[in-house]
Amino acid sequence: MRKIAALFYALILGFVAYGQQVKYGDNPAAGKYYDVRGIKMYVEIYGEGKPLLLLHGNGGSINAFSQTIPYFAKKYKVIAVDSRAHGKTIDSKDSLSFEMMADDFSALMDKMHIDSAYVIGWSDGGIDALALAMRHPDKVIKLASTGANLTPDSTALTPPTWNDMVKQYNGDKNKPRTTAKEKNDWKIFLLDYTQPNIPFSALKAIKCPSLIICGDHDLIPIEHTTKIYQAIDRAYLWVVPNSGHGTLKEHRDDFNKLVDEFFEEPYHKF
């Protein structure tokens, strides 16, 4: 039976019939919907073992972790989620917040009868990981957050990035939006334009060991990431050399290995 199960997961994680690669985020063999706080949340599950929750960024989906899932599914139960208003998780409401999404993930874990999980979050997903650990500290064993920011301004985003967002807001704020997609796209843009608004002091609520990550050429300034790291009691900082915002893709092998080691090894304060 074990050999059959191993073969099944190899097919799911690598290749399926006719040599086609798995389409993470659109894989009926692994996907399922859960009723969570008034929405149907789309989730794909890979592998067996300790639960690991993957949280993607703004405008993204489960597919953002196509280079992460195969590695971690070898020994974790990987729970990859389309967050509210993203991917296959439809949300018709007119508001969106990181606090709302953090509560969604907590409720999802309750639905799945998971007491606590490891968490990897990228970009907005990195913010979600921090918010989840702040609002539901018992739900997070350890977290790795890459490319997260705590405020929507030119101190938490590089000035060119923030200036581009301001330009987009001013250019698009009065445009009519009639279709569901147009309304949803504007809603998720406003999420990053107006949020998050998390004081550094609030990060003291995070009790789990945390690995705080950014690239040395990230959209998030190193100084801001360093302040996040300094505000968490039990944290490590990793500034990835020669990397932009996509640390987990640009340096896939190093990212997977180091995050895995962080999850496995006891936290030591230096």
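The model is predicted: local features need pLDDT of at least 70, side-chain atom pairs count only at pLDDT 80 or more, and totals for chains, interfaces and linings use all residues. Residues are numbered from 1 along each chain as its sequence is written, and side-chain values use heavy atoms, without hydrogens and water.

A nonpolar core is a set of buried Ala, Val, Leu, Ile, Met, Phe, Trp, Tyr and Cys residues joined through side-chain atoms within 4.5 Å. Buried means under 20% relative accessible area, exposed over 50%, and partly exposed in between (1.4 Å probe, protein chains only). The largest core has 45 residues, and Leu 53, Leu 130, Leu 143, Leu 203 and Ile 206 touch the most other members. Helix α3 (residues 98–111) gives the largest share of this core, eight residues. Helices are DSSP runs of H or I with at least four residues, strands are runs of E with at least two, and both are numbered from the N terminus. Apart from this core lies another of 31 residues, including Tyr 76 and Phe 263.

In the helix pair, Trp 162 and Tyr 169 are among the α5 residues that meet α6, where Trp 186 and Phe 189 are among the partners; contact means heavy atoms within 4.5 Å.
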